[in-house]
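Reader: I would like to learn how to read a model like this one, feature by feature. Where shall we begin?

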Amino acid sequence: MRITRYDRGYSRRKFLSDAARGALGTGVLMSLSDAIAANGEISKAYPEELLSIEGYTKGKVKTGDIIDASNVEFVKDLLEPVRYEQILKQGRKLKIGKTTTDIMRLSPWDYIEATVRNAGKAGFDAKGNVVNKADGQPWIGGNPFPEPANGLELFAAQTLNWGRHDASFYAMKLYAVDQSGDVRFRYSGGWCEFSPVARVTMEPKPYWPQNKGKLRFQSVFFLEPQAYRGTSFLNIWDYDHSTFPALYGYVPEFRRIRQFPSDQRFEPLIPGLTLFLSDAWAAGDPLYTWGNYKVVGRGPFLAGLADGWASDHPNWEHKTHGGPKGNTFWDATVELVPEAVIVEAEPVKFPRAPIGKKRVYFDARNQIVIGMVTYDRNGKPYRSFDGAYSVYDQGGKKFMDGKHPYWSWAHVTSSDIQTNSVTRLEQVRTLEGVYQSGANEQKYYDQYLTQAALQRLGAV
Amino acid sequence: MNTLRARLARWVLAHRQLSYLIFAAITVFFAAGLPRVKLETVFSDLLPTDDPFVQVYQAHPNFGSPLTVMVMIRVKDGDIFNEKTLAKTWQMTRDIDKAPAVDHEQILSITTEKARFAEATPEGIDMRPLMSNHPPANAEEIAEFRHRVDRAPNVRTFLISEDNRSTIVMATFIEAKIEYGEAFEYVESLAAAARDDNHEVFIAGQPTLIGWVYRYEWQMVGIFCVTLALLIGALALYMRNLVGVLTPIITSATAAIWAFGLVGWLNISIEPLLMIVPLLLTARSFSHSVQFTERFYEVFAALGGQVKDRVKAAEITMTVMMAPSVLGILTDVLGIVVVMAAPIPAMVRHAIFCGMWAVWLIPTGCVMISLLLATLPPPKNVQQLTGHGKESGVHRRIQRLLGGIAALSHGKRARLTTVAVVILSTLAIWTSAQIKIGNPVEGTNLLWYDSAFNQSVRAINGSFPGVNTLEIVLEAKDPESPEWTSHTVDSYETMTRLQELMEKGPNPPRATLSFADYLRESNRLFNGGDPRWSMIDPRERAVASAAIGSMMGSSSKNFSHVVDGTLQHSTVSLWYPDNKQETVDAAIAAATAAVAVVGDDHKAFRVRLATGTIALQEAVNRVIERYQWVVIVVLNVFILMMCIAAYKSVVAGIILLIPVNLANEALIAAMHLLGVGLDTNSMIVAAIGVGVGIDYGIYLLSRICEEIQTTTGSDDQRWAAAIDSALRTTGKAILFTASVMVIGIIPWYLMSGLKFVADMGLLLIAIMGINMVLALVVLPLIIWWVRPKFALRPNSLVSEGVDLALFTEGKVTAKI
């Protein structure tokens with residue numbers, strides 16, 4: 001017999017009242033962190049209607065169904081307005097997968113273990129930087145705020161470590177699709193991010209001593225089209241959460257590094273893309289260059305979390321659909337996220353930003369970003385981001401990261417809602433047989449993250 | 001009477017309820033199309049589709065920045081390098097980013113991050129915005145800002161005027177989202193807020209122009225109402241009874257519903273700039289109705305003037321009036337429709353809308369009106385209406401005047417009049433041959449010279465390269481090519497060479513810009529800033545790298561004025577100080593020569609002439625040159641055929657066409673004397689002038705034919721009497737018709753903020769006036785000398801005379 005107190009209305013009422021109070025205790029039936037600590041499962045924290053799409057829609061939509069214009073109304077409340085519009089008017093479709101309840105499939109294994117191990121040790125120092133409370137030194141690894149009390153803590157964790165590995169290299173392909181459905185630009189290249197602090201897998205841990213004052217090294221370089229081959233950018237982040245990263249660009253022909261304005265983060269890196277530096281992982285800028293973080297909503301949501309890996313393609317490439325010519329959107333599987341926390345922030349240190357605010361959707365279970373909508377200064381939706389993560393363990397196929405299956409993002413869709421252009425990104429296994437996606441390799445630093453590395457990449 | 005007309009009239013009047021039902025059903029059908037009616041000005045549709053320049057424009061609509069608004073802030077006293085002006089510019093830039101449907105990636109001013117300067121540093125090249133994160137707030141910051149500006153040559157050319165008094169803020173809008181009126185009002189409000197004692201603000205750019213036109217199109221609704229009120233007032237004054245006023249209103253409104261409903265169903269948008277033509281049609285509809293109604297009352301009175309006689313009177317009127325009415329309306333239709341010959345989409349839509357509106361005047365103005373007259377109670381002043389009552393002094397004076405005019409066309413005075421007419425006609429034809437094609441004004445001919453928009457254009461042209469561009473397009477042969485065509489050596493060298501040729505040739509442009517300029521600048525900066533690096537090695541890798549160097553870290557949209565969104569097509573922009581015809585001619589001649597030097601066919605692209613305001617102005621000129629006379633000749637041929645059919649005489653057609661063509665020549669001669677060139681307006685007006693003007697001739701000729709058959713005496717006496725009598729009667733009707741049309745049009749000339757509309761109004765008034773005078777003087781004169789034989793034989797087709805005995809089985813024997 002069901003306890004009526006926990007019907008659908010109860011969940012909704014609880015989310016609404018908590019959001020209204022600004023309270024951020026996650027879980028509906030019990031504390032989410034208690035449930036996870038008990039057995040690594042979230043089932044006990046949420047009622048049945050938040051754990052399956054069948055329960056939520058009272059059977060109108062089932063796992064395995066495709067959400068399209070004919071049935072999107074049943075899940076309208078689970079989507080941000082942009083995806084809803086795209087499904088309704090632009091032929092976008094989403095396949096419904098089973099809700100992941102095993103928390104270990106929702107982030108890298110070492111990261112989760114460090115999160116549990118270091119729970120309660122993080123705090124902010126006088127400058128607002130996240131530190132290990134015991135010694136005031138930079139953070140030591142995992143999510144510093146697994147039980148976030150507010151929007152700032154959610155963003156602090158996200159800004160601290162984007163890909164949740166100590167180091168990541170993503171071989172990727174990018175496609176810029178215009179409003180008529182034509183793929184205007186095709187790029188391929190590599191993206192590397194590397195943490196000298198808060199390391200949980202790579203030695204030395206938790207810090208790489210010679211760069212302890214840095215938060216991140218990050219670079220992106222391009223292999224295709226031929227004209228852009230070897231063109232690259234390098235970002236070096238200070239650990240100080242208020243300091244703008246240094247941004248360098250390199251064009252092989254000139255053999256010179258070009259320094260860009262450090263606060264120029266609302267321009268696409270290369271032509272045609274609807275992606276700005278500021279958009280990276282929904283936290284592409286230092287924590288305190290944005291402000292007024294506040295929780296503005298909570299509730300269930302549809303997002304791709306564990307099944308985005310295209311294991312059936314030898315190079316992990318995804319199929320597309322929708323838009324005027326069938327190539328605007330990725331084929332994607334989403335699942336019912338029992339609880340998403342929506343945090344709003346404003347670009348307080350960017351007096352020239354074309355953005356008025358952004359709303360970022362975090363999965364309450366692991367505080368990972370599952371969506372973002374930015375708004376222009378009139379408060380109108382401007383650009384939207386959604387994507388899919390995956391454990392690279394699917395139907396008997398596995399791609400390993402040390403002892404455990406690799407966990408990472410699989411694909412991202414970035415939509416400029418005002419011009420109706422879309423940029424699609426996907427992580428592929430390899431480019432040219434040389435550049436392979438992977439994680440936690442110290443060699444990435446020398447390969448991709450120094451000015452000498454940029455010059456070497458330009459020579460290929 | 002058993003003609004088709006008579007049988008139709010008999011059937012309609014015998015089945016009045018059914019006929020009403022049919023009219024009601026058709027009206028309901030068309031009314032259902034009304035909600036789909038779109039009034040919109042599509043500017044590209046005002047251009048001829050078959051012109052090579054227009055085809056380049058349509059293939060590359062983004063070149064020439066058609067979606068960009070330019071806001072120029074000008075300091076009255078001093079220069080822009082002061083706290084207040086720079087703060088104003090900063091605020092304008094931030095505020096314009098909030099304009100509805102603005103593309104946030106395409107906002108440019110000296111305050112944006114896109115306006116940068118470069119410095120060579122030990123680590124490489126440091127690119128930084130000219131302005132820091134706030135507008136300079138003290139003398140030191142202003143000095144630093146000024147120092148930076150001096151190191152940014154492109155900013156100096158395009159964002160700060162040479163005299164340092166002006167700066168520009170540019171914002172580009174998203175085509176699919178922009179509501180021109182809304183965007184315009186928003187930017188206007190920003191400008192209004194920014195103006196003060198020491199700052200002027202000017203706004204230009206295509207979206208602004210469209211915004212102004214939209215604003216004035218709302219004004220046109222008001223003028224439309226004024227015009228209708230005037231027409232109804234004139235009608236009331238003339239008819240002095242309710243039925244006489246109601247009947248034309250009901251029939252004209254029905255025709256209007258049908259016309260609007262049809263374009264609604266056809267999903268054709270209506271061009272508001274040409275709304276004066278429907279107004280003219282409404283005026284025509286009124287005058288047709290008045291003449292029909294007057295004839296009805298004459299018949300009605302002759303039948304006895306009893307209520308029971310209404311139906312028979314309506315039947316008789318419909319029978320006798322149908323042929324001349326249809327003929328008159330068909331000439332109107334031809335005058336409107338014939339402009340379709342010119343391949344201008346807006347003209348074609350206009351021809352369908354207005355041409356069909358004129359066609360609808362046939363069922364409503366002949367059939368429906370008969371039903372109404374047969375149904376509505378007759379007025380009490382029938383006697384006065386039919387001329388049997390006491391005529392007022394005004395009528396007597398008009399008749400005396402017309403008698404005087406008639407005297408010019410017969411007897412001894414005819415010789416003198418003929419000499420005068422021949423001399424004047426020769427002068428008119430000679431003068432009209434001197435007219436130039438094209439009617440250029442700096443800015444737009446849609447608005448008045450002193451309009452805020454044209455003032456802004458002149459101000460911006462005075463301080464910056466401005467808005468008069470000629471674009472030479474390098475069009476990629478394979479737009480899908482994986483190697484971006486704009487990034488190749490051949491493209492770079494061709495752009496560079498074209499710029500050199502144009503700059504060093506005769507009549508050089510005041511500025512030139514192409515993607516090659518950005519490449520050179522990028523090459524220079526990446527190589528340490530030394531000007532010697534402004535040249536690029538002619539290697540593919542070197543050019544492509546310079547392209548990447550300029551575009552990296554920046555949206556490709558920032559280059560959309562020189563390279564299209566796919567990076568395949570590019571353009572060389574040439575700015576000229578004005579768009580006077582001699583400037584246009586010289587620019588196009590120089591560009592043609594330059595393209596001949598570089599060659600138009602390259603391996604990966606072809607060089608196409610041309611787009612931009614200069615090229616499009618030339619395209620419009622060329623279409624007028626090609627079609628101005630085609631339209632008139634085609635119209636003459638059609639009308640001649642119709643007149644031959646109606647009068648069964650070639651001579652009749654020729655006699656009728658001489659005055660209207662002379663009127664056209666006279667109008668063109670007058671335009672030339674006033675310094676106005678031929679343009680789209682004059683082409684439309686000329687056609688309508690012939691189509692509508694021929695009506696006067698038909699009225700008068702038919703009346704002379706009827707009169708000559710009833711006169712006696714010598715030949716001279718008979719023709720003189722016929723002319724005299726026709727002018728006193730039908731001449732009065734012509735005067736009334738012309739007056740009604742002038743009343744309908746004159747508010748458009750006096751009140752419209754749109755010069756295009758006012759000009760068309762003025763030209764229409766002029767041509768109608770000239771047509772009227774020539775119909776009253778020249779046509780009778782020609783008849784006096786020719787004395788055509790067809791006039792002596794009975795012609796029931798165009799005759800408005802009626803023998804009532806034929807309709808009443810001899811019970812009523814009057815001929816009226």
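Reader: How many bridges join β6(A) to strand β27 of chain A, and do they run parallel or antiparallel?

Author: A word of caution: this is a predicted model. Strands of a sheet pair through backbone hydrogen bonds, either parallel or antiparallel. Here, two bridges join β6(A) to β27 (residues 438-439) of chain A, and the two strands run antiparallel. Phe169(A) stands opposite Gly438(A) in β27(A).

Reader: Which strand do seven bridges join to β6(A)?

Author: That is β24 (residues 421-428) of chain A, again antiparallel.

Reader: How many bridges join β6(A) to β7 of chain A?

Author: Eleven, with β7 (residues 183-194) running antiparallel to β6(A). Ala176(A) has Phe185(A) of β7(A) as its bridge partner. The two strands form a hairpin with five residues between them. In that hairpin, Gly181(A) takes a positive phi near 90°.

Reader: Is β6 of chain A enclosed or open?

Author: Check burial residue by residue. Eleven of the eleven residues of β6 (residues 167-177) of chain A are buried, so the strand is largely enclosed by the rest of the structure. Then separate the two faces. One side carries Ala167(A), Phe169(A), Ala171(A), Lys173(A), Tyr175(A) and Val177(A), all buried.

Reader: What is the strand order of the open sheet of three strands in chain A?

Author: The order is β3-β4-β5, with antiparallel pairing. β3 (122-124) and β5 (137-138) of chain A stand at the edges, each with a single partner strand, so one side of each has no neighbour in the sheet. Two bridges join β4 (residues 130-132) of chain A to β5(A). Val131(A) stands opposite Pro138(A) in β5(A).

Reader: How compact is chain A?

Author: First the inventory: chain A has eight helices and 27 strands. Its radius of gyration is 21 Å, close to the 23 Å that the globule rule gives for 460 residues, so chain A is as compact as a globular protein of that length. Its C-alpha atoms fill a box of roughly 70 × 55 × 50 Å along the principal axes. Of its 460 residues, 58% count as buried.

Reader: Which residues have the most contacts inside the largest nonpolar core?

Author: The general idea comes first. In soluble globular proteins, nonpolar side chains tend to be buried together. Here the largest nonpolar core has 394 residues, and Phe362(A), Val71(B) and Ile276(B) have the most contacts inside it. Helix α25 (residues 755-786) of chain B gives the largest share of this core, 18 residues. Take Ile276(B) as a case. Leaving aside neighbours within four places in sequence, its contacts include Trp748(B), Val757(B) and Leu764(B).

Reader: How many residues does each chain bring to the contact?

Author: Chain B brings 40 residues and chain A brings 35 residues. On the side of chain B that touches chain A, β2 (102-108), β4 (124-129) and α19 (540-551) of chain B each give two or more residues. The largest share, seven residues, comes from α19(B). By class, this side of chain B has 14 nonpolar, 16 polar and ten charged residues.

Conventions: Residues are numbered from 1 along each chain as its sequence is written. Chains are lettered from A and ligands numbered from 1 in the order in which they are written. This is a predicted model: local features need pLDDT of at least 70, side-chain atom pairs count only at pLDDT 80 or more; totals for chains, interfaces and linings use all residues. Two residues are in contact if their C-beta atoms, placed from the backbone, lie within 7 Å. Helices (H or I, at least four residues) and strands (E, at least two) are DSSP runs, numbered from the N terminus. Ala, Val, Leu, Ile, Met, Phe, Trp, Tyr, Cys and Pro count as nonpolar, Asp, Glu, Lys and Arg as charged, and the others, Gly among them, as polar. Two strands pair if DSSP finds at least two bridges between them. A nonpolar core is a set of buried Ala, Val, Leu, Ile, Met, Phe, Trp, Tyr and Cys residues joined through C-beta atoms within 7 Å. A residue is buried if 20 or more other C-beta atoms lie within 10 Å of its own, exposed if 12 or fewer, and partly exposed in between; C-beta atoms are placed from the backbone. The radius of gyration is taken over C-alpha atoms; the globule rule is 2.2 Å times the number of residues to the power 0.38.
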